[in-house]
Amino acid sequence: METYFEYRHTVGFEETNLVGNVYYVNYLRWQGRCREMFLKERAPAVLEELRDDLKLFTLRVDCEFFAEITAFDELSIRMRLVDLAQTQLEFAFDYVRQDPGGGETLVARGRQRVACMRGPNSRTVPSRVPESLTRALDPYAHPAPAPALAGRAS
């Protein structure tokens with residue numbers, strides 16, 4: 001059984017700083033990208049609602065770093081549902097480097113709190129999490145075993 005939704009990413013030069021490691025804001029971009037790909041692949045009905053009047057507001061985002069990554073590192077960004085309330089969701093993200101030889105290393109961990117809203121921009125109000133989104137997230141609501149931290153054997 002799947003316990004997380006996975007988005008695979010290869011780090012590019014444009015995502016690194018002058019020193020050669022990944023600039024921190026990219027971890028937050030990858031959270032958003034993972035969430036978008038989840039909607040595209042697993043909850044297309046929600047995309048239709050977003051085209052109508054559903055809005056997903058990111059209320060809080062964070063990321064804790066354990067190891068540096070550089071250009072051409074292969075990453076797996078793994079998203080799980082941590083909390084589902086009437087109008088809000090919280091996701092956890094594990095950033096896992098795919099190491100040569102088949103191992104993996106947890107290089108960062110993040111969270112994101114999202115509110116569902118509806119209505120025109122001047123009168124947006126909280127809205128229930130759409131049923132189609134709740135159903136799509138159900139397989140990812142269970143805790144997944146965490147990969148090994150950087151520097152430790154997998």
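The model is predicted, so local features need pLDDT of at least 70 and side-chain atom pairs pLDDT 80 or more, while totals for chains, interfaces and linings use all residues. Residues are numbered from 1 along each chain as its sequence is written, and side-chain values use heavy atoms, without hydrogens and water.

**Stop one: F5 and F38.** A search of the whole structure finds nine aromatic pairs; rings of Phe, Tyr and Trp (its six-membered ring) pair if their centres lie within 6.5 Å, and planes under 30 degrees apart count as stacked, over 60 as edge-to-face and the rest as tilted. Select F5 and F38, an edge-to-face pair with centres 5.4 Å apart and 80 degrees between the planes. F5 sits in strand β1 and F38 in helix α1, 33 residues apart; helices (H or I, at least four residues) and strands (E, at least two) are DSSP runs, numbered from the N terminus. F5 is buried at 2% relative accessibility, and F38 is buried at 1%. Buried means under 20% relative accessible area, exposed over 50%, and partly exposed in between (1.4 Å probe, protein chains only).

**Stop two: Y23 and Y24.** Next, select Y23 and Y24, a tilted pair at 4.9 Å centre to centre with 50 degrees between the planes. Y23 is partly exposed at 41%, as is Y24 at 47%. Look for Y24 in the loop between β1 (5-10) and α1 (25-42).

**Stop three: the ring cluster.** Finally, select Y27, W30, F65 and Y95, which ring pairs link into a cluster.
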